[in-house]
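User: Hello! Could you walk me through this structure?

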Amino acid sequence: MELKQEIDVSTKHPHLEKKGKERYSKLYRKFIFLTLICSVVPLFLVGWGIYAYYSGFSNIRIMDYFKNQVDHHREIIELFLRERTSDLQLVILTHSPDSLQNQGNLRRIFSVMNQGHSFFTDLGLIDDEGNHLAYIGPYDLMDKNYSNTVWFKEVMTKGIYISDMFAGFRNAPHFVIAVTRIDGNRKWILRASIDTEYFRSLVEDVKMGATGEVYLSNQEGILQTTPRFSGKIMGKAPLPLEFFSEESSIGIYESDSSDPDKRFPRQLVAYTWLENPRWKLVVKQDYAEAFRDANQANRAALIFLLFSLMIILVISLIITRHMIDIIKKQDKDTDSLNKQLVQAGKLASLGELSAGVAHEINNPLAIILTESQVMRDTIDEATGLNDEVKAELIDSLSQTESQVHRCSLITQSLLKFSRRNKSQREMVNLNVFLEEVIRLMDGKAKGMGIQFVLDLEKDIPSFPSDPSLLQQVFINLINNAADAHEGKPYGTISIGTRTDSHRHGVEITVGDTGSGISPENMEKIFDPFFTTKAVGKGTGLGLSITYSTIKAVGGDISVRSTIGKGTQFNIFLPFSPPDNAHENREEVIT
Amino acid sequence: MKRPRILLVDDEVAFANNLLKLLSKRGYDVVVEYNGADAVSVVGDKEFDVIILDMKMPGMDGIATLKEIKKKAPLVEVVILTGHGSIESGIEGMQLGAFDFLMKPVRIDDLQEKVSEAYRRKLVQGERG
C-alpha cells in the first residue's frame with residue numbers, strides 16, 4: 001500500500017481553514033448565480049413576453065373603445081341636428097308663409113317644437129331679402145336684416161344650412177339651423193337658434209372620467225362648445241390644428257412646454273368629423289386615466305413578478321445553503337476517511353519498519369549479551385582482580401544484561417505490532433498478554449499521573465486468538481481510558497480478568513476514573529466516526545473497530561459509565577472462538 | 001566423558017565467535033560455519049551431536065540448510081535460533097524435525113540448557129539405534 005506524503009489535513013491549520021472557507025463561499029456564490037440565472041431569466045422572459053403582449057392588446061382594446069365612444073357620440077349629435085333640421089322643414093313645408101307670419105301661430109308652433117326639451121332658443125321667418133317677417137324669441141331682432149350675413153347667403157344657395165357658432169346681432173354665441181321654402185318665385189326662410197346650453201350638455205354627455213373633455217370645433221379650430229377645462233366657446237380650441245387630419249382618428253397628444261395648459265401633459269385624443277356641419281368632435285382624456293385599469297393590471301403583474309423573483313431568490317439561497325452544507329459534510333466525511341487511510345498506511349509502513357528495525361536490533365543485542373557473558377567468564381578466570389572489583393564488574397554486567405533484556409522486550413512488542421495486518425491464530429496467555437500491553441502504555445499513563453491497578457485471576461488457561469487484533473483492542477481501550485483523565489492530575493486504570501465458566505470464556509474489565517460518558521453519547525460511542533475529542537485528535541473509529549473485532553472473534557463488549565466518576569468496559573472472549581472467526585478477521589482489519 | 005560435538009551455524013561473526021568461546025569453556029567441542037552451504041558440506045565430513053542453527057542467513061537460509069542437514073545426518077539434533085520476527089520459521093523448523101527453538105538475544109545459560117537436552121535426546125535415540 002502506498003504511503004502518502006506527510007499530509008497534514010488537520011483543519012486546525014489556520015491557512016487551510018481559511019482556504020476551506022473561501023472555497024465554500026465561492027461555491028456558494030457560483031451555485032446561487034447559476035440557480036438564479038436558470039430560474040430568473042426564463043421567468044423574466046416569460047413575464048416580459050406576457051406583459052408586452054397584454055399591454056399591446058389592452059391598449060388596442062382601450063383605444064378601440066374610445067374611438068367607438070366617439071363615433072357613437074357623433075351619431076347622436078348628428079341625429080340631433082338632423083332631427084332639428086327635420087322639425088324646421090316639417091314646419092315650413094306644412095305651414096303657409098302667411099300662417100307663419102302670424103305671431104300667435106308661430107308662438108304655438110314654437111312651443112310645440114320645444115315640448116319635452118327646449119331645443120330652440122328662438123324661431124323666425126325671414127324673407128328672401130333678409131328681413132324678419134315674424135320672430136319668437138327673447139331677443140329684439142324684428143328690425144334686423146340678415147342679407148349680409150354668412151348664414152343667409154349660405155342658406156339661399158344651399159337650401160338648408162347649419163351655421164357655426166357666431167355672435168350675431170344678439171351678441172351671444174349661438175348657431176342656427178335655417179331651411180328654405182320656394183313658392184313660385186319667392187323664397188321663404190325659417191330659421192331657429194339651437195339652445196347653446198342644451199347643445200353643450202348634449203355634446204358633453206359622454207362619460208369620460210375625471211379628466212375627460214369633449215368639445216366641437218370647426219375647420220378653423222374655433223370652439224363650438226365650451227370645453228370642461230380649457231377654452232371658451234368661439235375661442236381657439238386647445239389642441240393645435242396640425243394634430244388633426246381629415247380622417248377620423250385616435251392618437252396620443254403630448255403637450256410641450258410652451259403649452260399654457262399643462263394640466264395634462266399626455267392625453268389620449270379621439271376625434272371624428274361631422275358631415276353637416278363640418279365640425280370636429282374631439283374627445284380627450286388624460287392618458288394615465290384612460291389606461292388606468294390596464295396600467296393597474298400591469299402594475300399588479302409586475303408586482304407579482306417581483307414577488308415571484310423574491311421568492312425564487314429566497315428559496316435559491318436556502319436550497320443552495322443546504323446543498324453547500326451537504327457538500328461540506330461529505331467533504332468532512334471524506335477527509336475523515338482519508339485521514340484514517342493515511343493513518344492505516346502509516347501504521348502499515350510503520351509495521352514493516354518496526355519489523356525490520358526489531359530484527360536488525362536483535363542481532364546486535366544478541367552480540368552484546370554474548371560479549372557480556374564472555375566478560376563474565378574472563379572475570380571468573382582473572383587472577384589479578386580482587387573480590388571487590390570482581391563484584392563491581394559482575395554487577396555492571398548484570399545491569400547490561402538486564403538492559404539488553406529490556407530492549408528485547410521492546411522489540412518483541414514492536415514485532416507483534418508489525419504483525420497487525422496478518423491474520424494470526426495463536427495460543428494467547430491472557431494475563432501475560434495484558435501485562436505486555438500495559439507495559440506498552442506505561443509511559444503515556446505515567447506522564448498523565450495514571451496508575452494501573454491489576455486484578456488478574458490466576459491461571460487463566462491460554463486460548464486461541466489473534467494477539468495482534470487483541471493488542472489493538474486493548475491499546476484502544478487503555479488509550480481511551482487514559483484520555484478520559486485529561487485535565488485530571490491523577491487517576492487509575494483498573495484491569496481485571498476472570499474466568500466465566502458459565503459462558504466458557506473469560507471476562508476482562510477495563511475501568512477508569514476519568515470524565516465518564518454522558519447518557520446521550522452512550523448510544524453512539526460504538527458508532528463509526530463518533531468522537532468527543534477535538535478535531536484532529538481522534539478519528540472516532542477506535543471503539544467501532546474494537547466492537548467489530550470482539551464480535552468477530554465471538555466475544556461481547558458492553559460499557560457502564562457515570563459522568564464525572566468514570567467508565568468501565570466489560571469484554572467477554574470465548575475460549576473457543578467460532579470457526580468463521582478466522583475469516584472474519586480479514587474484513588475487520590481492512 | 002566425551003565432549004558433545006556442536007556445529008554452530010550463524011552469519012553474525014561476532015556472535016558466533018563469542019558463542020564459540022563460551023561453549024568451549026563449558027565443555028563442548030564447537031565448530032563454527034558462517035553460512036548454510038559450508039555447514040551442509042561440513043556435516044557430510046564430520047559428525048556432530050547438536051547443531052545450533054540461525055534461521056535468518058543470507059544465501060541459503062535456515063530452513064533450506066535444515067532440510068539438507070536432515071538429509072545428510074538425520075539423527076543430529078538441531079536447535080534453532082531465531083529473531084523475534086521469525087517465530088514462524090522456528091515452528092516450521094520444528095515441523096521439519098528441529099529439536100526446539102530459542103529467540104535471540106539468548107542467554108548463554110538458556111542455550112546451554114537447551115543444547116544439553118538436545119544432546120541427551122540424541123544419546124537416547126542413539127541407544128535405541
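This is a predicted model: local features need pLDDT of at least 70, side-chain atom pairs count only at pLDDT 80 or more; totals for chains, interfaces and linings use all residues.

User: Glad to have it open. Over how many bridges do strands S1 and S3 of chain B pair?

Analyst: Residues are numbered from 1 along each chain as its sequence is written, with chains lettered from A and ligands numbered from 1 in the order in which they are written. Strands here are DSSP runs of E with at least two residues, and helices are runs of H or I with at least four, numbered from the N terminus; two strands pair if DSSP finds at least two bridges between them. S1 (residues 5–9) and S3 (residues 50–54) of chain B pair in the parallel sense, and the number of bridges is four.

User: Which residue in S3(B) is the bridge partner of B:Leu7?

Analyst: Look along the S1–S3 pairing of chain B. In S3(B), the partner of B:Leu7 is B:Ile51.

User: In what order do the strands of the open sheet in chain B lie?

Analyst: The sheet has five strands, and their pairing is parallel. Strand S2 (29–33) and strand S5 (100–103) of chain B are at the edges, each pairing on one side only.

User: Which helix gives the most to the side of chain B that touches chain A?

Analyst: Contact means C-beta atoms, placed from the backbone, within 7 Å. By that rule, 16 residues of chain B are in contact with 19 residues of chain A. Seven of the residues on chain B's side come from one helix, residues 13–25, namely H1.

How values were computed
Two residues are in contact if their C-beta atoms, placed from the backbone, lie within 7 Å.
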